[in-house]
Each structure stands twice: as structure tokens, then as C-alpha cells.
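Subject: Structure for you to look at

Hello,

Here is the structure I promised you. Please open it beside this email and follow along.

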Amino acid sequence: PAIGPFDRSATSVQALAIAGNGAVYAGSFGHGIFRSADRGAIWESVGNGLTDPFILSLAVTREGIVYAGTFRGGIFRSRDEGKTWQPVNAGLRRLEVKALMAAEEDLYAGTSDGVYRLHGVEDRWSVVTTGLDDTLVHALAQSSDGTLYAGTSGKGILRFKRNSSGWVRLQHGLKNHEG
């Protein structure tokens with residue numbers, strides 16, 4: 001059903017993403033996903049097939065495929081502008097997904113167990129590399145040379161360069177909040 005500018009006064013929006021066609025997606029904590037085709041004037045609740053309404057992250061590929069990371073249900077994919085969603089969790093060890101990032105042919109997921117990659121139209125996630133086991137990844141970024149950065153709980157910022165042996169902790173100048 002269509003609603004005006006978020007009439008749900010208590011809606012907590014955890015994630016936003018914009019598709020190439022201008023559609024805006026908003027992931028809420030407890031109310032699922034909303035879509036606006038008119039820059040936010042009217043929002044429509046979308047999410048047929050989502051089994052977890054607690055959305056933590058969103059990403060849209062250049063092909064317009066929308067991905068949603070959830071609190072307990074893993075990752076869901078929509079190929080029809082959010083109308084229907086299917087789980088895409090094969091290969092993930094944990095289903096809390098705090099960060100999603102689309103980059104070229106790949107989609108990256110920051111989970112409560114490190115960073116995973118989904119290549120192209122594959123349906124199975126692979127761990128980027130070991131070294132972030134049992135580490136909650138909150139944020140992901142990629143530089144133009146393909147280097148990945150992960151913002152984590154407890155380990156600060158880590159970097160992974162293509163063809164390297166693993167994640168490297170970048171701590172010079174970062175304050176340790178525990179000490």
C-alpha cells in the first residue's frame with residue numbers, strides 16, 4: 001500500500017539506496033522496506049518474500065537488482081524493483097548483515113562473521129579471506145584499485161588488497177576506546 005511521507009512516526013530507517021532509475025529504497029528496523037519512485041513524496045511498502053522486517057543494509061547494482069541485509073534473516077534479493085524478494089544465503093555462516101556494497105561485478109556483505117563476496121549472478125557467497133572470523137563488520141568501502149576496507153567492532157579498520165594474503169589492521173593514529 002502507498003503511504004505519504006513516512007506517516008509511521010516511529011519508523012527507524014537503518015539503510016537507504018538509490019537505483020539508477022531514481023527509485024529510492026528505505027530499509028526500516030521492524031517495518032521492512034519502502035520504495036519511492038518520486039524522490040520521497042510517496043512511499044510504498046514493498047517486501048513480498050522478506051521473512052525478516054529488520055533491515056540493516058541495502059545496495060542496488062548497476063543492473064537495478066536490489067539487495068537487503070537483515071538482522072536475523074541474512075540477505076534478500078529483488079529483481080523486480082522490490083516487489084518480490086528471495087533469500088540469497090548460501091555460503092554465509094551468520095545471518096546478521098550490517099553492510100552491503102555493490103562494486104563492479106561483485107556484491108560485498110559485512111556480516112557478524114567477516115566479509116563475503118557474491119560474484120555476478122552467482123547464488124553462493126564466498127568469504128573474502130580469513131582473518132575476520134567472529135568479527136562484526138559495520139561498514140565497507142572499496143578504492144579505485146580494488147582495495148577493500150572494513151570498519152569493525154573491536155578491530156577498528158582493516159584493509160584487504162587484491163592478491164594479498166589477508167586483512168591488515170590499520171591502527172596508526174586510531175584511538176583505542178578501551179584504553
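Phe29 is partly exposed, with a relative accessible area of 34%. One caution before going on: this is a predicted model.

Phe29 has a partner. The ring centres of Phe29 and Phe71 are 5.8 Å apart. Their planes meet at 65°. An angle over 60 degrees counts as edge-to-face, so that is the label for this pair. Phe71 is partly exposed too, at 29% relative accessible area.

Phe29 is in the loop between strand S3 (24–28) and S4. Phe71 is in the loop between strand S7 (66–70) and S8. The pair therefore ties together parts that are 42 residues apart in sequence.

Phe54 belongs to this group as well. Ring pairs join Phe29, Phe54 and Phe71 into a cluster. Arg72 lies over the face of Phe54, 5.7 Å from the ring centre.

How many aromatic pairs are there in the whole structure? A search finds three. One of them is Phe160 with Trp167. Their centres are 5.5 Å apart, and the angle between the planes is 45°. That makes the pair tilted. Are Phe160 and Trp167 buried or exposed? Both are buried.

Next, the backbone. Most residues other than glycine have a negative phi. Two residues here are worth a look.

- Arg39 is not a glycine, yet its phi is positive, about 60°. Arg39 sits in the loop between strand S4 (33–36) and strand S5 (43–46). Its relative accessible area is 82%. The cut-off for exposed is over 50%, so Arg39 counts as exposed.
- Glu81 also has a positive phi, near 60°. Look for Glu81 in the loop between strand S8 (75–78) and strand S9 (86–87). Glu81 is partly exposed, at 31% relative accessibility.

Last, the whole protein. What does its secondary structure consist of? There are 17 strands and zero helices. The protein has 179 residues, and 44% of them are buried. Its accessible surface is about 9,400 Å². Carbon and sulfur atoms account for 49% of that surface. Now take the contacts between residues at least 6 apart in sequence. Of these, 37% join residues at least 24 apart.

Best wishes

Notes:
Residues numbered from 1 in each chain as written. Predicted model: local features only at pLDDT ≥ 70, side-chain atom pairs only at ≥ 80, totals over all residues. Heavy atoms only, no water. Helix = DSSP H or I, 4+ residues; strand = E, 2+ residues; numbered from the N terminus. Buried < 20%, exposed > 50% of the residue type's maximum accessible area, 1.4 Å probe, protein only. Contact = heavy atoms within 4.5 Å. Areas by Shrake-Rupley, 256 points an atom, 1.4 Å probe, with all protein chains shown as cover. Phe/Tyr/Trp six-rings, centres within 6.5 Å; stacked < 30°, edge-to-face > 60°. Lys NZ or Arg CZ within 6 Å of the ring centre and 35° of its normal.
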